[in-house]
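Let's take a walk through this structure together, one neighbourhood at a time.

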Amino acid sequence: MIRSDHLLEVRNLEVVFPTREGTVQAVRGVSFTVDAGESLGVVGESGSGKSTLARAALGMIELPGRIAGGEILWRGRSLLDKRVARRIRGREISMVSQDPMASMSPILTIGTQMTEVMTRHLDIGRREAFTRAGDLLEKVGIPDPGRRLGQYPFEFSGGMQQRVVIATALSCDPMMLIADEPTTALDVTTQAQILELISSLQKDLGLALVLITHDLGVVAGACDLLKVLYAGEIVESGTADQLFHRPRHPYTAALLGSTPRLDVKADRLMAIEGHPPDLRHVGGRCSFTPRCPHATTRCTTESPVLQPSEAGRAYACWNPLGGREAPELPTARAGHG
Amino acid sequence: MGDALLEVQGLTVTYDVGREGFWGQRQTRLTAVDDVSFSIDRGETFGLVGESGSGKTTTGRAILGKVPIASGRVKFAGRDITEVEGRERRAIRRNMQLIPQNPYGSLNPRMRVREIISEPLVVHRLFKNAKGASERVVELLELTGMNPDDMHKYPHAFSGGQRQRIVIARALALNPDLIIADEPVSALDVSIQAQVVNLLQDLQKRLRLTYIFIAHDLAVIRHISHRIGIMYAGKLVEVAKGEDVYRIPIHPYTEALLSSVPIPDPRVERARAVSVIAGEPPDPIHPPMGCRFHTRCPLAEPRCREAAPPLEAKGPEHEAACWVR
């Protein structure tokens with residue numbers, strides 16, 4: 001037992017994937033905590049390490065990937081211990097991923113799959129688990145649960161499948177739910193239904209929620225706290241209001257500027273020139289430097305560390321933005337990228 | 001309406017999807033696009049938006065002649081392309097090009113960029129081979145913000161955003177008037193998506209292109225489109241200028257769709273009343289009678305179950321298909 005006052009505490013986590021062409025540093029020195037009942041959004045683009053982070057937190061990094069350093073503590077116990085992780089995963093921490101079909105077996109009925117989770121983790125019999133499964137389906141808004149329990153996943157639409165996955169995730173009364181792009185594969189009206197469901201369950205059950213997404217719109221409504229990931233590092237963290245309205249890291253600001261909004265018509269999007277770095281060759285400088293309009297020589301020679309600043313926020317930048325209103329970035333030329 | 005480049009009238013596309021009945025005596029038909037009409041002016045961007053299965057992609061493919069049309073007309077620059085064949089058809093087809101969604105699946109991994117971009121030029125016999133078209137390829141690469149040296153490389157050397165630029169260069173090779181872009185930025189990360197959207201807008205200004213921009217992302221559609229058409233279950237339910245669709249939506253489905261889109265701003269999100277619509281789009285093989293949306297519509301009346309409302313003018317340059325509004 002290591003002392004930790006948090007539900008989940010990640011300390012200096014390093015995850016690497018060795019490949020023939022070099023070692024990919026997917027997660028580089030990430031530290032953060034999640035407390036009971038908190039809703040945390042993790043935002044990043046492809047390759048930012050957000051999904052690897054989620055898998056690491058559940059002890060699900062598979063070979064050739066490995067955790068090269070750091071510690072993950074769940075209520076003081078190390079999740080790097082596979083036996084501990086197996087007992088906690090699905091019971092105290094649950095996960096909802098992007099593709100609901102990938103989390104279900106196509107050849108077993110929904111009822112069988114849901115009861116299996118419960119009989120494995122909880123001290124209850126099959127009959128009781130089956131009744132509970134019906135109640136859970138009802139709770140996540142699936143009509144006629146009795147009949148639905150006897151059906152196979154393919155008989156459900158994408159939105160309904162995701163509801164089943166959520167019901168299964170909640171079946172052992174977890175304390176934390178990790179949702180990795182839970183609505184990315186869904187249509188927008190279905191997305192709205194699922195997001196509302198996740199938010200209301202989180203509040204009703206007092207769950208800690210870690211919502212991982214590339215979509216700034218999704219976290220704006222659902223999360224109180226945010227972390228922005230870039231090239232395997234947290235570049236900025238704070239409350240949703242702080243990051244959306246007074247971003248201090250140029251990447252956060254650029255991400256906001258390049259996202260079109262339904263409610264505001266911009267003449268031109270502020271594209272971020274270039275593309276994310278090759279994760280086999282990073283470190284020794286700020287990874288955002290080649291794309292940053294504010295980069296100086298210091299940014300190219302010294303890697304900034306995530307430093308706490310005012311009111312619980314932190315950023316890793318040598319030249320942070322003013323921090324008052326969302327500053328105007330020079331419109332980037334449609335560059336080579 | 002000014003100078004209409006493309007007119008679509010009563011476009012209907014059906015797919016045969018198997019047989020029904022005890023002996024399989026009845027052909028099962030799926031109506032992917034049902035009686036869709038709209039027109040697009042030269043130099044305009046027409047956004048076509050809808051959820052999966054709404055028929056937006058099939059509409060684009062039918063205009064390009066990639067799927068057979070069951071009924072209806074498609075007029076390009078005044079000529080009905082459903083009637084012409086052979087040389088004339090090819091000449092029209094040269095003027096309309098497709099930008100597909102997936103920049104990974106749409107480039108042949110065994111061809112160099114020069115061959116890829118020059119392929120339409122060679123197919124239409126403007127050049128004998130890829131080598132002969134080098135000058136034009138360089139021009140196209142520069143136009144799309146790529147490096148001329150890239151023409152000797154293979155697609156695997158490029159990122160998603162760069163591949164989409166190559167796809168755009170190929171679509172522009174024949175100097176088309178109309179570009180049908182089917183989810184051109186959906187597979188890209190938001191920072192790269194912004195680059196490609198900006199590029200498409202710049203190209204439109206420079207080359208006076210006309211776009212049909214098909215997407216499911218309403219924020220992107222709103223950003224790029226002059227006029228927007230909203231599709232639901234094979235039907236065009238509303239057509240209006242971009243700002244009007246967002247400011248004064250008429251069709252209840254449009255309203256529901258707009259309200260479902262999360263806004264990247266926590267203050268707006270907290271203040272916003274999200275009216276989540278229950279249910280899912282109908283089964284396309286057995287769609288409901290009457291208005292296709294009546295099964296989910298909060299305003300549905302008895303007549304909505306009986307007959308499908310026509311798309312009709314409800315305001316200046318604003319059409320909608322709804323009995324109630």
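Predicted model: local features only at pLDDT ≥ 70, side-chain atom pairs only at ≥ 80, totals over all residues.

Leaving out residues up to four places away in sequence, B:F213 touches B:T45, B:F46, B:G47, B:L48, B:A181, B:P184, B:V185, B:L200, B:V220, B:I221 and B:I224, where contact means heavy atoms within 4.5 Å. B:F213 also belongs to the largest nonpolar core, which has 65 residues, and together with B:L218 touches the most other members. Such a core is a set of buried Ala, Val, Leu, Ile, Met, Phe, Trp, Tyr and Cys residues joined through side-chain atoms within 4.5 Å; buried means under 20% relative accessible area, exposed over 50%, and partly exposed in between, with a 1.4 Å probe and protein chains only. Helix α6 of chain B, residues 190-207, gives the most to this core, with 7 residues. Helices (H or I, at least four residues) and strands (E, at least two) are DSSP runs numbered from the N terminus. Another core, of 59 residues, lies apart from it and includes A:I142, A:I166, A:V218 and A:F244.

Residues are numbered from 1 along each chain as its sequence is written, while chains are lettered from A and ligands numbered from 1 in the order in which they are written. Local features need pLDDT of at least 70 and side-chain atom pairs count only at pLDDT 80 or more, whereas totals for chains, interfaces and linings use all residues; side-chain values use heavy atoms, with hydrogens and water left out.

Now look at where the chains meet. The contact takes 45 residues from chain A and 47 residues from chain B. Between them the two chains bury about 4,100 Å², 53% of it on carbon and sulfur atoms; this area is the accessible area (1.4 Å probe) lost on putting the two parts together, summed over both. There are 3 salt bridges between chain A and chain B, each a side-chain nitrogen of Lys or Arg within 4 Å of a carboxyl oxygen of Asp or Glu. A:D241 forms a salt bridge with B:R270, with the closest N and O atoms 2.8 Å apart. On the side of chain A that touches chain B, α7 (188-205), α8 (216-222), α9 (240-245) and α10 (250-258) each supply at least two residues, and α7(A) brings the largest share, 7 residues.

Finally, find helix α9 of chain B, residues 252-260, where 8 of its 9 residues are buried. These buried residues pack against α7 of chain A, and also against α7 (218-224), β9 (227-232), β10 (235-241) and α8 (242-247) of chain B.
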